[in-house]
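Here is a short report for a reader who is new to this structure. Look over the sequence and the model first, then read on.

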Amino acid sequence: MSNNLSVREVQERFKKVKTMSDPFVQSLLNDPRKGVQTALQRLKNRIDKRQAAQQAFNKRFTYERALWNAGHKYVAGIDEVGRGPLAGPVVTCAVILDDSFDLIEVTDSKLLSRHEREQLYLRIVDEAVEVSIAFNSSAVIDELNIYAATQQAMIRSVNNLNHRPSHLIVDAVPLDINIPQTTLIKGDRKSISVAAASIVAKEYRDHLMADYARLYPGYGFEENMGYGTKQHLAGLAKLGATPIHRKTFAPVPKFL
């Protein structure tokens with residue numbers, strides 16, 4: 001009987017439980033032991049959190065499902081990272097998913113820890129129908145301006161896909177491309193494919209900036225990713241600008 005199990009044994013069994021209606025859980029609801037009641041409450045909190053995450057995940061799939069139902073087999077979500085830094089490229093990503101995609105943890109990359117993003121990056125690449133990454137260097141950004149450079153890289157990430165999408169979901173930046181598109185403000189919180197693209201782009205750029213940190217030490221690129229932090233600005237004042245700095249972004253021109 002369940003009430004003959006120790007509290008530790010109950011906790012171990014709870015690790016495999018998915019719902020509070022599980023017969024094993026029901027058999028312990030009136031167990032008088034404080035440890036069991038504490039374990040029950042923790043189980044309920046875990047299940048409630050998981051259900052809320054599942055509901056949020058389903059909501060972030062609204063746009064994709066509507067487009068699939070309208071006959072669009074391949075729908076690409078596009079996002080970018082790196083528009084604001086003083087150094088490094090702008091990186092964009094296009095991701096095509098299908099209805100088997102089940103990573104409910106996928107959301108706006110800014111809401112995830114570095115470890116969570118790293119784990120999800122690998123799983124997204126594994127589960128997605130296709131992932132395409134493109135970027136524009138600081139030199140291109142200086143030549144075109146950051147908005148145009150971002151648009152150009154986004155379009156390239158779409159054009160590099162082997163599966164030609166018939167509809168795009170784009171985070172904030174309309175694209176001059178002959179494919180119908182839905183443009184969303186804060187799209188990485190509203191569309192699962194845009195969120196997946198934001199995670200892949202963020203991880204790709206972060207690893208690139210870590211490589212640049214080894215090439216150009218003294219700016220803290222591995223931590224600030226090229227943003228204008230105190231450490232970065234101190235590096236600029238001491239060492240001057242590097243080849244990856246954006247010459248049109250203040251205060252970089254002062255250190256050329």
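## Rings, charges and a pocket

Phe61 counts as buried, at 0% relative accessibility. This is a predicted model. Trp68 has a relative accessibility of 18%. That value also makes Trp68 buried, because the cut-off is under 20%.

**Aromatic pairs**

A pair of aromatic rings is described by two things: the distance of the centres and the angle of the planes. The count of aromatic pairs here is five. One of them joins Phe61 and Trp68. Their planes are at 55°, so the pair is tilted. Tyr219 and Phe221 form a stacked pair, because their planes are at 5°. Stacked means planes under 30 degrees apart. The table sets out both pairs.

| Ring pair | Distance of centres | Angle of planes | Class |
|---|---|---|---|
| Phe61 and Trp68 | 5.5 Å | 55° | tilted |
| Tyr219 and Phe221 | 5.2 Å | 5° | stacked |

Are Tyr219 and Phe221 buried or exposed? Tyr219 is buried, with a relative accessible area of 3%. Phe221 is buried too, at 0% relative accessibility.

**Charges over rings**

Rings also meet charged side chains. Arg13 lies over the face of Phe24. The distance to the ring centre is 3.9 Å. Arg246 places its charged end over the ring of Phe249. Here the distance to the centre is 5.1 Å.

**Around Asp142**

Where is Asp142 found? It belongs to helix α6, which covers residues 138-144. Lys190 is another matter. Asp142 and Lys190 are 48 residues apart in sequence. In space, their C-alpha atoms are 31 Å apart.

**The largest pocket**

Rolling a probe the size of a water molecule over the atoms shows where empty space is left. The largest pocket holds about 340 Å³ of space. How many residues line the largest pocket? The lining has 18 residues. Glu80, Asp108, Lys110, Asp171 and Asp188 lie nearest the centre of the pocket. Two elements, β1 (75-81) and α8 (192-215), each supply at least two residues of the lining. Which element gives the most to this lining? It is β1, with three residues.

How values were computed:
Residues are numbered from 1 along each chain as its sequence is written. This is a predicted model: local features need pLDDT of at least 70, side-chain atom pairs count only at pLDDT 80 or more; totals for chains, interfaces and linings use all residues. Side-chain values use heavy atoms; hydrogens and water are left out. Rings of Phe, Tyr and Trp (its six-membered ring) pair if their centres lie within 6.5 Å; planes under 30 degrees apart count as stacked, over 60 as edge-to-face and the rest as tilted. Buried means under 20% relative accessible area, exposed over 50%, partly exposed in between (1.4 Å probe, protein chains only). A charge sits over a ring if NZ of Lys or CZ of Arg is within 6 Å of the ring centre and within 35 degrees of the ring normal. Helices (H or I, at least four residues) and strands (E, at least two) are DSSP runs, numbered from the N terminus. On a 1 Å grid over the protein atoms alone, a cavity is a set of points where a 1.4 Å probe fits but cannot get out, and a pocket is an open set with protein on both sides within 12 Å along at least five of seven lines; lining residues have an atom within 4 Å of a point. Grid points are joined across faces, edges and corners, and a volume is the space filled by probe spheres set on the points.
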